[in-house]
Amino acid sequence: GSMGKISGCWRETPAAVALSRCAGVLAVLLFLVSCSAGRKVRSAFGGQLPIDVTIAASANDNSPIAVDLLVVYDDKLVDKLVEMPAAEWFTKRQQFIADHPKVVLQSWEWVPGQEIEPFKVRYGSGARNVVLFAHYRTEGPHRRVIGSPKPFRIVLGERDITVEVAQ
C-alpha cells in the first residue's frame with residue numbers, strides 16, 4: 001500500500017521533473033561560464049607575451065624600421081588607434097601616451113635582415129588589446145591589431161608589417 005503512494009507522489013508532480021531538468025541546464029551554464037572565466041583569467045592577471053620577429057632583407061627600402069607595440073586596456077582607445085595610420089601615430093605618440101598613461105608602449109628600431117632573438121613583453125591585468133605600428137616609408141596604415149594578448153610573430157616585409165598569431 002504505502003509503496004503505491006510514493007510512486008503516485010512522483011507521478012503527480014511534473015514540476016519536480018522540470019526542476020531537475022532546470023538544475024541540469026543551470027549546472028551546464030555555470031560550468032560554461034566558469035570555463036570562459038578561467039580562460040580570461042590569464043589576461044586578467046597579466047603576464048609575459050612571447051614575441052618572435054622576422055625582418056625581410058630588403059624591408060623598408062633597406063632602411064631601419066621603428067616598431068611600436070601598445071598594450072591597451074580600454075576598448076575606446078583601441079577604436080581611436082585603429083583609425084590612425086602609422087605615420088600619424090609616430091607624429092602623435094608622445095601626446096597620446098601623455099594623455100593615456102595606462103597604455104603601455106614598447107618601441108624598437110630594427111634594420112632589414114636583422115636577426116632578433118624571441119623576447120617577451122610584460123602586460124598587466126585587464127589588457128584588452130595589443131596594437132602594432134611600423135614606420136615604413138611607403139604609404140599605408142602599417143598597423144596591426146592582435147586582440148587580447150597571445151603569442152605572435154611580427155613579420156616586417158618589404159613594404160608592410162604582418163602578424164602571425166600562434167595557434
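Tutor: This is a predicted model. From the N terminus, the elements of the protein chain run α-α-β-β-α-α-β-β-β-β-β-β.

Student: How many helices and strands is that in the protein chain?

Tutor: Four helices and eight strands.

Student: And what share of the residues is buried?

Tutor: Buried residues account for 33% of the 167 residues in the protein chain. The chain exposes about 10600 Å², and carbon and sulfur atoms supply 57% of that area.

Student: What about contacts between residues at least 6 apart in sequence: what percentage join residues at least 24 apart?

Tutor: In the protein chain, 68% of those contacts do.

Student: Switching to Phe45. Which helix is it in?

Tutor: Phe45 belongs to helix H2, which covers residues 14–45.

Student: Is Phe45 buried or exposed?

Tutor: Phe45 has a relative accessible area of 67%. The cut-off for exposed is over 50%, so Phe45 counts as exposed.

Student: How far is Phe45 from Ser125 in space?

Tutor: Their C-alpha atoms are 4.4 Å apart, although 80 residues separate Phe45 and Ser125 in sequence.

Student: Now strands E7 and E8. How do they run, parallel or antiparallel?

Tutor: Antiparallel: E7 (residues 152–156) and E8 (residues 161–165) are joined by five bridges. The two strands form a hairpin, with four residues between them.

Student: Which residue in E8 is the bridge partner of Leu156?

Tutor: Ile161.

Student: Where do side chains point in a regular strand, in general?

Tutor: They alternate between the two faces of the sheet.

Technical notes. Residues are numbered from 1 along each chain as its sequence is written. This is a predicted model: local features need pLDDT of at least 70, side-chain atom pairs count only at pLDDT 80 or more; totals for chains, interfaces and linings use all residues. Side-chain values use heavy atoms; hydrogens and water are left out. Buried means under 20% relative accessible area, exposed over 50%, partly exposed in between (1.4 Å probe, protein chains only). Two strands pair if DSSP finds at least two bridges between them. Contact means heavy atoms within 4.5 Å. Accessible areas come from the Shrake-Rupley method with a 1.4 Å probe; for residues, only the protein chains shown count as cover.
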